[in-house]
Amino acid sequence: MPITVKALQKFGPDQPFKITEIERRDPREDDVVIKIEAAGICHSDIHTIHNEWGEAHFPLAVGHEIAGTVEAVGSAVTKFKVGDRVGVGCLVNSCGECEQCVAGFENNCLNGAVGTYNSKDVDGTITQGGYAQKVTVNERFVLRIPDALDFDVAAPLLCAGITTYSPLARWGVKPGMKVAILGLGGLGHMGVQIAAAMGAEVTVLSRSLKKADAAAKLGAARTLATTDENFFTDHRGEFDLILNTISAPINLDAYLGLLKPRGILSVVGLPPESLDVRMFSLVGGGKVLTGNNIGGIPETQEMLDFCAEHGIGAVIEKIGVDEVDAAYERVVAGDVQFRVVIDTATFDSAEVSA
């Protein structure tokens, strides 16, 4: 029998969230049922709900930063048992057979990975995300949350953490490298902590210095204001790697100019607009302009273990299920330092909308 749980759903991009009841499938033999303890709010959730990345499938529960405990397992599950501390990120399925899946890059599945929400599942239903009491997930996409990480600070790692860890690891950040993090928001504050833990000298690039103290507490050696008149000339050729975490247009040519020869500009922020770049900005100095899309399951587990080892977690504020609409407005306005996490225990006393 399907499992009925409370969830937060929207019925349209301009509609408020409603507390509804949705069905999670009874576990198949390779499924894990997770009691959700914390669910992070990601800007991707907001883009999706607002139809900024295409038409969403309403009614929809979003959320792909999920942390909780195993409540039940299917008969063939071998990796997890009831009571284990686990998490689920942006993916809940993939073909498991293509060269990308076999290599551990399920996020690049050649036959189409299944997203945690707003995606067609293998049974034809539309996936519903983590703004809910429970979720049922194939064990291949369940991650183990180390004991050193509390659920609320671990939940955002399942998207913001892996989104920033993956490019930093891919390009071999190590002690002595000069790394700049462009933007100090939900993604940027994770990038600073991870790059610093990797041993890099970290600089935050921001429009102003108002977040300089916060950046320093996260491990940044300094903060530079990109609006300073001589910023791009004073810091030309200075960085080994720049991680761009902002979802707004930037002058790619100008930022490529901040790189050393063979330097890397890695983009994880997704502005809706197209951006131009002159090929001379890349060819001169043999520079790399690249992007990164979360990570596969093995790398995501690697990230969680790395964060636990180095005492890294998201900087968060917790809210109840009745505060999510207001939290969305604050995230869009940039009025959050740095992630918002839903306390899913507040579903217990919440009434289902009529």
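Which residue does Arg330 form a salt bridge with? It's Asp335, and the closest N and O atoms are 3.4 Å apart. By salt bridge I mean a side-chain nitrogen of Lys or Arg within 4 Å of a carboxyl oxygen of Asp or Glu.

Okay, ground rules before we go on. This is a predicted model, so local features need pLDDT of at least 70 and side-chain atom pairs count only at pLDDT 80 or more, while totals for chains, interfaces and linings use all residues. Residues are numbered from 1 along each chain as its sequence is written, and side-chain values use heavy atoms, with hydrogens and water left out.

Back to the charges. With that cut-off the count comes to 14 salt bridges. One of them joins Lys10 and Asp325, at 3.7 Å, N to O. Lys10 lies in the loop between strands S1 (3-9) and S2 (18-24), and Asp325 is in helix H11 (residues 324-332), so this pair ties together parts that are 315 residues apart in sequence. Helices (H or I, at least four residues) and strands (E, at least two) are DSSP runs, numbered from the N terminus. Lys10 is buried, at 5% relative accessibility, whereas Asp325 is partly exposed at 29%. Buried here is under 20% relative accessible area, exposed is over 50%, and partly exposed is in between, with a 1.4 Å probe and protein chains only.

Lys10 also lies over the face of Phe17, 5.0 Å from the ring centre. For that call, NZ of Lys or CZ of Arg has to be within 6 Å of the ring centre and within 35 degrees of the ring normal. And Phe17 itself belongs to an aromatic cluster with Tyr131 and Tyr328.

Now, which charged residue is buried yet has no salt bridge? That's Glu139, and the nearest side chain of opposite charge, Lys79, is 5.5 Å away. Lys and Arg count as positive, Asp and Glu as negative, and His and the chain ends aren't counted. Glu139 is in the loop between strand S8 (134-138) and strand S9 (143-144). What its side chain does have is backbone: the nitrogen of Lys79 at 3.2 Å, and the nitrogen of Thr78 at 3.4 Å from a polar atom of the Glu139 side chain. Those are polar contacts: N or O atoms within 3.5 Å; within protein, one must be able to donate a hydrogen and the other to accept it, and residues adjacent in sequence count only if both atoms are side-chain atoms.

Next up, helix H4, residues 160-170. Nine of its 11 residues are buried, so H4 is largely enclosed by the rest of the structure. Those buried residues pack against several elements, including helix H5 (188-197), strand S14 (259-267) and helix H10 (297-310); contact means heavy atoms within 4.5 Å. After H4 comes Gly172, with a positive phi near 70°.

Last bit: aromatics. Rings of Phe, Tyr and Trp (its six-membered ring) pair if their centres lie within 6.5 Å; planes under 30 degrees apart are stacked, over 60 edge-to-face, the rest tilted. That gives five aromatic pairs. Tyr165 and Phe306 have ring centres 5.5 Å apart and planes at 55°, so that pair is tilted. Tyr165 is in H4 and Phe306 in H10, so the pair ties together parts 141 residues apart in sequence.
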